[in-house]
Amino acid sequence: MARMVCNKFDGLIPDTMDEMTSLPGVGRKTANVMLAVAFGGQAMPVDTHVFRVSHRIGLVPKRCTTPLSVEKELVKHFDKNLLSDAHHWLILHGRYVCTARSPKCANCCLNDICLRDFD
Ligand code: SF4
């Protein structure tokens, strides 16, 4: 991968989705993280926390069974200027409150509006 960055991109990490995902080992999630964090853009990387929390809260419909379909649905509904922040909100909520095995619903700020879809 590093060799390809040197040979094909003059030693600089490219800043487009297509170019980044052309690098070995770089998938859509990693490329979106680079766009959102390293390049200061707006993107919605979908990791396990974003995927789980989006479904539990009811932000995405059940038919969204892949990270890409969840990403597309979230991108449709969040203000595009808040996408990268929203990505972090969902990750942190999933990491510390809406955890995979023991969600802290009683103390959750979304308690009143969450669908609590645990399927
Ligand atoms: S109420 Fe429970 S299921 Fe819903 S977001 Fe909060 S912790 Fe997760």
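## A buried histidine to start with

His93 is buried, with a relative accessible area of 14%; buried means under 20% relative accessible area, exposed over 50%, and partly exposed in between, using a 1.4 Å probe and protein chains only. This histidine sits in helix H6. Setting aside residues up to four places away in sequence, His93 touches Val53, Cys98, Cys108 and Leu110, where contact means heavy atoms within 4.5 Å.

Before going on, a word about the model. It is a predicted one, in which local features need pLDDT of at least 70 and side-chain atom pairs count only at pLDDT 80 or more, while totals for chains, interfaces and linings use all residues. Residues are numbered from 1 along each chain as its sequence is written, and side-chain values use heavy atoms, with hydrogens and water left out.

## The chain as a whole

The protein chain has six helices and zero strands, so its elements read α-α-α-α-α-α from the N terminus on; helices (H or I, at least four residues) and strands (E, at least two) are DSSP runs, numbered from the N terminus. Along the principal axes, the C-alpha atoms fill a box of roughly 55 × 25 × 25 Å.

Of the 119 residues, 35% count as buried. The accessible surface comes to about 7500 Å², and 57% of that belongs to carbon and sulfur atoms; these areas come from the Shrake-Rupley method with a 1.4 Å probe, and for residues only the protein chains shown count as cover. Among contacts between residues at least 6 apart in sequence, 45% join residues at least 24 apart.

## Where H4 meets H6

How do two packed helices get described? By the angle between their axes and the distance between the axes. Helix H4 (residues 48-57) and helix H6 (residues 83-96) pack at an angle of about 85°, with their axes 8 Å apart. That makes H4 roughly perpendicular to H6, a label for angles of 65 to 115 degrees; under 35 would be roughly parallel, over 145 roughly antiparallel, and the rest oblique. Axes here are lines fitted to C-alpha atoms, for helices over the stretch in contact, and angles run from 0 to 180 degrees between N-to-C directions.

On the H4 side, the contact is made by His49, Val50, Arg52, Val53 and Ser54. H6 brings His87, Leu90, Ile91, His93, Gly94 and Arg95.

Which residues of helix H5 (residues 67-77) are buried? They are Val70, Glu71, Glu73 and Leu74. These buried residues pack against helix H3 (28-38), H4 and H6.

Asn32 has its place in helix H3 and counts as buried, at 4% relative accessibility. Leaving aside neighbours within four places in sequence, Asn32 is in contact with Met17, Ala43, Met44, Pro45 and Glu71.

## Two residues with positive phi

Most residues other than glycine have a negative phi. Asp10, although not a glycine, has a positive phi of about 55°. This aspartate is found in the loop between helix H1 (2-9) and helix H2 (17-21), and is exposed, with a relative accessible area of 70%.

Arg116 is not a glycine either, and has a positive phi of about 50°. Arg116 lies in the segment after H6 and is partly exposed, with a relative accessible area of 32%.
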